[in-house]
Each structure stands twice: as C-alpha cells, then as structure tokens.
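Here is a short briefing to read with the model open beside you.

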Amino acid sequence: MSNPLIAAMNGCLYFAQNHLPHPCLLCGTTVRGRQLCPGCADDLPFLPAARCPRCALPSPEGQVCGTCLRRPPAFDHAVAVFAYAFPVDALVRHCKYQGALEVAEFFAAAMAGQLSGHTDVDLILPMPLHPARLGERGFNQAAQIARHLAARLDLPWQATACERLRDTPPQAGLDLKARRRNLRGAFRCGVDLVGRRVALVDDVMTSGASLNELAKEAKRAGAAEVSAWVVARTL
C-alpha cells in the first residue's frame with residue numbers, strides 16, 4: 001500500500017523532522033532531530049514492562065491476567081506503549097480531531113520501539129472508520145499510524161482490507177457488555193486471510209471491545225493469529 005509519491009512525502013517528512021528545526025508536538029519549543037522536547041518526552045506515561053500479553057494491562061511479572069484467563073479476547077496478543085493519560089491523550093486528540101498527522105509518525109516510531117520480538121506477522125490492518133466518519137474527518141488516524149509503522153518495520157499493510165459496516169454510537173459511558181452489543185456485526189474483512197498472521201493497529205484500546213470484534217472477523221476470514229497493536233491503553 002505504497003507508491004512513489006507517498007514514499008517521497010515520507011522521505012521529506014523524515015528529513016524535516018531529523019534535520020530542520022521544528023516545534024515540539026506538545027509545547028512548541030523548537031527542537032531538532034526529535035519530535036518532542038526533552039521535558040515533554042520525560043512526561044510521557046509509558047506502561048510498565050510487566051504487562052498481560054493478551055490485553056496489555058499491567059500484570060504482576062507479565063503473566064496473563066485473571067480477566068484474560070476467564071474470558072480470553074479474540075486477539076492472541078496485545079502490545080501498547082503508553083497509558084492513555086496526559087500528555088498522550090492530548091496528542092491523540094490533536095491527531096484525530098485537528099488533523100495533526102505528524103503525530104501519527106511519532107506514534108508509529110514509539111510503537112516500533114516497543115515491538116521488538118512481536119513483529120512476526122504477515123500483514124498490518126488498521127482499525128477501519130465508517131465511511132460517514134471518514135468523510136467528516138478526511139482521514140483515518142489508525143491507517144496513518146499503520147502506514148508509518150509498516151514502513152518502519154518493513155511489513156505489508158492494507159488500508160481497506162477491513163471495513164466498518166455500521167456507524168456505531170460512541171462507546172463512552174457504556175459498560176463492557178453494552179460495548180460488545182454495540183459493536184456486534186460492525187466489521188467485515190473482505191480479503192482472504194487464511195493462514196496469515198495479522199496485526200490490528202489502533203490509537204487507543206479502552207475496553208478492547210472494538211479490537212475484539214475486529215479480531216473475530218479477521219479469524220472468520222481465516223487469520224491464523226491476530227495481534228492488537230495500539231499506541232495507548234486505558235488503565
């Protein structure tokens with residue numbers, strides 16, 4: 001899912017971010033060779049190393065947590081970089097609602113640094129947006145992150161392999177059962193994934209209901225293994 005124009009644009013962005021002075025993504029301080037100033041970088045809420053390998057929530061000694069033992073998610077592994085807290089939540093909103101697509105490149109770089117040993121996948125698939133939502137926003141932030149991540153990891157990706165069939169109401173304020181009901185039948189994977197190991201990419205995992213439902217569809221399409229890769233995890 002790349003072409004010479006996109007490759008050239010990525011090259012220009014990489015050069016600008018690594019060689020030319022530009023503002024810190026959070027505070028606006030002039031930086032060079034990085035996207036955040038040292039002070040803002042120190043404020044990033046990295047998750048602890050000991051996390052449940054199934055849902056990415058903190059877990060003693062990195063063991064599978066009790067919730068995942070009782071009710072395993074449809075995805076087989078999960079990797080997250082940050083807790084969904086300030087200032088990462090501000091960066092997510094800045095990217096999603098203000099069109100700051102340079103944040104997607106920052107997120108992809110942070111994710112690539114956390115994915116050592118977890119990149120044994122055949123295909124990266126972003127969380128799809130409903131066409132109505134995509135028309136309003138003009139872009140899918142998960143696809144932007146997936147695009148940069150695929151380039152960094154030298155892995156293939158497909159922007160439209162999965163689609164969102166229903167423009168579901170907001171999940172905020174719903175309990176887990178209601179979230180699952182809200183998302184039932186919301187996705188479809190229209191490509192043959194038989195025997196393939198896929199990674200689903202999204203910006204934030206809250207309850208995991210959306211990724212769980214999409215993982216079910218990926219497995220119905222034949223995926224042998226499904227991982228969930230997200231920027232941030234709600235604790």
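The largest nonpolar core has 39 residues, and Phe82, Phe107, Met111, Ile124, Leu149, Val201 and Trp229 have the most contacts inside it. A nonpolar core here is a set of buried Ala, Val, Leu, Ile, Met, Phe, Trp, Tyr and Cys residues joined through side-chain atoms within 4.5 Å. Buried means under 20% relative accessible area, exposed over 50%, and partly exposed in between, with a 1.4 Å probe and protein chains only.

This is a predicted model, in which local features need pLDDT of at least 70 and side-chain atom pairs count only at pLDDT 80 or more, while totals for chains, interfaces and linings use all residues. Residues are numbered from 1 along each chain as its sequence is written, and side-chain values use heavy atoms, with hydrogens and water left out.

- A second, separate core has 31 residues, including Leu123, Met127, Val198 and Val226.
- As background, nonpolar side chains tend to be buried together in soluble globular proteins.

**The chain as a whole**

- The protein chain has nine helices and eight strands; these are DSSP runs numbered from the N terminus, with helices being H or I of at least four residues and strands E of at least two.
- Of the 235 residues in the protein chain, 48% are buried.
- Among contacts between residues at least 6 apart in sequence, 68% join residues at least 24 apart; contact means heavy atoms within 4.5 Å.

- Four strands form an open sheet in the order 3-8-7-4, with parallel pairing; two strands pair if DSSP finds at least two bridges between them.
- Strand 3 (77–83) and strand 4 (123–126) stand at the edges with a single partner strand each, so one side of each has no neighbour in the sheet.
- From one strand to the next, the twist averages 20 degrees; axes are lines fitted to C-alpha atoms, for helices over the stretch in contact, and angles run from 0 to 180 degrees between N-to-C directions.
- Strand 7 (residues 197–205) and strand 8 (residues 225–233) pair in the parallel sense over eight bridges, and Leu200 stands opposite Ala228 in strand 8.
- Strand 4 and strand 7 pair in the parallel sense over four bridges.
- Leu123 stands opposite Val198 in strand 7, and Val198 in turn has Val226 as its bridge partner in strand 8.
- Leu125 stands opposite Leu200 in strand 7.
- Strand 4 is covered on both faces, with Leu123 and Leu125 buried on one side and Ile124 and Pro126 buried on the other.
- In strand 7, eight of the nine residues are buried.

**Helices on the sheet**

- Helix 7 (residues 141–153) lies across strand 4, strand 7 and strand 8, and runs at about 130 degrees to strand 7.
- Helix 9 (residues 209–220) also packs on the sheet, touching strand 4, strand 7 and strand 8, and its direction makes about 165 degrees with that of strand 7.
- Strand 7, helix 9 and strand 8 make a right-handed β-α-β unit; right-handed means that, with the strands pointing away from the viewer, the path from the first strand over the helix to the second runs clockwise.

**Helix 4, side by side**

- Val88, Asp89, Leu91, Val92, Cys95 and Lys96 are buried in helix 4.
- They cover an arc of only 160 degrees around the axis, which puts them on the same side of helix 4; the arc is that of the directions from the helix axis to the C-beta atoms.
- The buried residues of helix 4 pack against strand 3, helix 5, helix 6 (131–137), helix 7, strand 7 and strand 8.
- Turned away from that buried side, the other face of helix 4 carries the exposed residues Tyr97 and Gln98.
- Just after helix 4, Gly99 takes a positive phi of about 70 degrees.

**Two residues to look up**

- His148 lies in helix 7 and counts as buried at 6% relative accessibility.
- His148 and Glu105 are 43 residues apart along the chain, and their C-alpha atoms are separated by 5.9 Å.
- Thr168 sits in the loop between strand 5 (162–164) and helix 8 (176–183), and is buried with a relative accessible area of 7%.
- Thr168 and Ala186 are 18 residues apart along the chain, with 7.4 Å between their C-alpha atoms.
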